[in-house]
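Please read these notes with the structure open beside them.

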Amino acid sequence: MIKLTDAAFYFKQEPQQIEAWNYLECMLEPEIMEAFATMYRDKPPTPPQTELNPSSPMSHLVTPNFTYSELCNGGQEARRFTGQDQCAVATELCEFLEILRDKFGPIKITSGHRPPAINASVGGASQSEHLYQPGCGAVDVYPINGRGQEMEDYCDKNWPYSVGYGMSYRGFVHLGIRDGRPRVRWDY
Ligand SMILES: [Zn+2]
């Protein structure tokens, strides 16, 4: 069952979420919406202080605005990490996403962890950073409110590892880390 508190918790200004919220406002008594708003405006959910591990709940906040679920394409159990080293790389990526979020608003992760079977089924490269092999990891992202090209340029200047320029062709920027942490740039 989806709770109203979860709805607020995961709210990222995505169009379908705004639509759902507007619908709720029409359906519920104004006093309920107001009480709810007051409660959560004054007391926002507290981020857990523990670090991400493979068996963390999907709702675990990796960093203040990004959940484990978002790294697993919407909480797919088959995409869970299997090692703590993968969690560490994912956390580092989310820390950079927080910087992007401060500058460009809510960030959508379109693809995070792809275990081997999933990577093969989507036709991913055999050495894809999305496999999170030792020392590697990646996310594909775009800013929900626009300014994608600007964000890509910012990543190019400020992310020292892998950047795949996908904004104009694929609608996302690939941000990654590969073994040895070289600076890598490519077009899709
Ligand atoms: Zn990618």
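1. V139 has L175 in β6 as its bridge partner. The strands β4 (137-143) and β6 (173-177) are paired in the antiparallel sense over 5 bridges. Strands pair if DSSP finds at least two bridges between them. Helices (H or I, at least four residues) and strands (E, at least two) are DSSP runs, numbered from the N terminus.

2. A word on the source: this is a predicted model, in which local features need pLDDT of at least 70 and side-chain atom pairs count only at pLDDT 80 or more, while totals for chains, interfaces and linings use all residues. Residues are numbered from 1 along each chain as its sequence is written.

3. The open sheet has 5 strands in the order β3-β4-β6-β5-β7, and the pairing is mixed. The edges are held by β3 (107-111) and β7 (184-187), each with a single partner strand, so one side of each has no neighbour in the sheet. On average, neighbouring strands here are turned by 25 degrees against each other, direction ignored.

4. Helix α5 lies across β3, β4 and β6 and runs at about 20 degrees to β4. Helix α7 packs on the sheet as well, touching β4, β5 and β6, and its direction makes about 20 degrees with that of β6. Axes are lines fitted to C-alpha atoms, for helices over the stretch in contact, and angles run from 0 to 180 degrees between N-to-C directions.

5. Which residues of α7 are buried? In this helix (residues 148-158) they are M151, E152 and C155. They cover an arc of only 100 degrees around the axis, which puts them on the same side of α7; the arc is that of the directions from the helix axis to the C-beta atoms. D156 and K157, on the other side, are exposed. A residue is buried if 20 or more other C-beta atoms lie within 10 Å of its own, exposed if 12 or fewer, and partly exposed in between, with C-beta atoms placed from the backbone. The cover over the buried residues includes α5, β5 and α8.

6. H130 sits in the loop between α6 (116-121) and β4. H130 counts as buried because it has 23 C-beta neighbours inside 10 Å. Leaving aside neighbours within four places in sequence, its contacts (C-beta atoms within 7 Å) include S111, H113 and A138.

7. W21 belongs to helix α2 (residues 15-27) and is partly exposed, with 15 other C-beta atoms within 10 Å.

Note on methods: Two residues are in contact if their C-beta atoms, placed from the backbone, lie within 7 Å.
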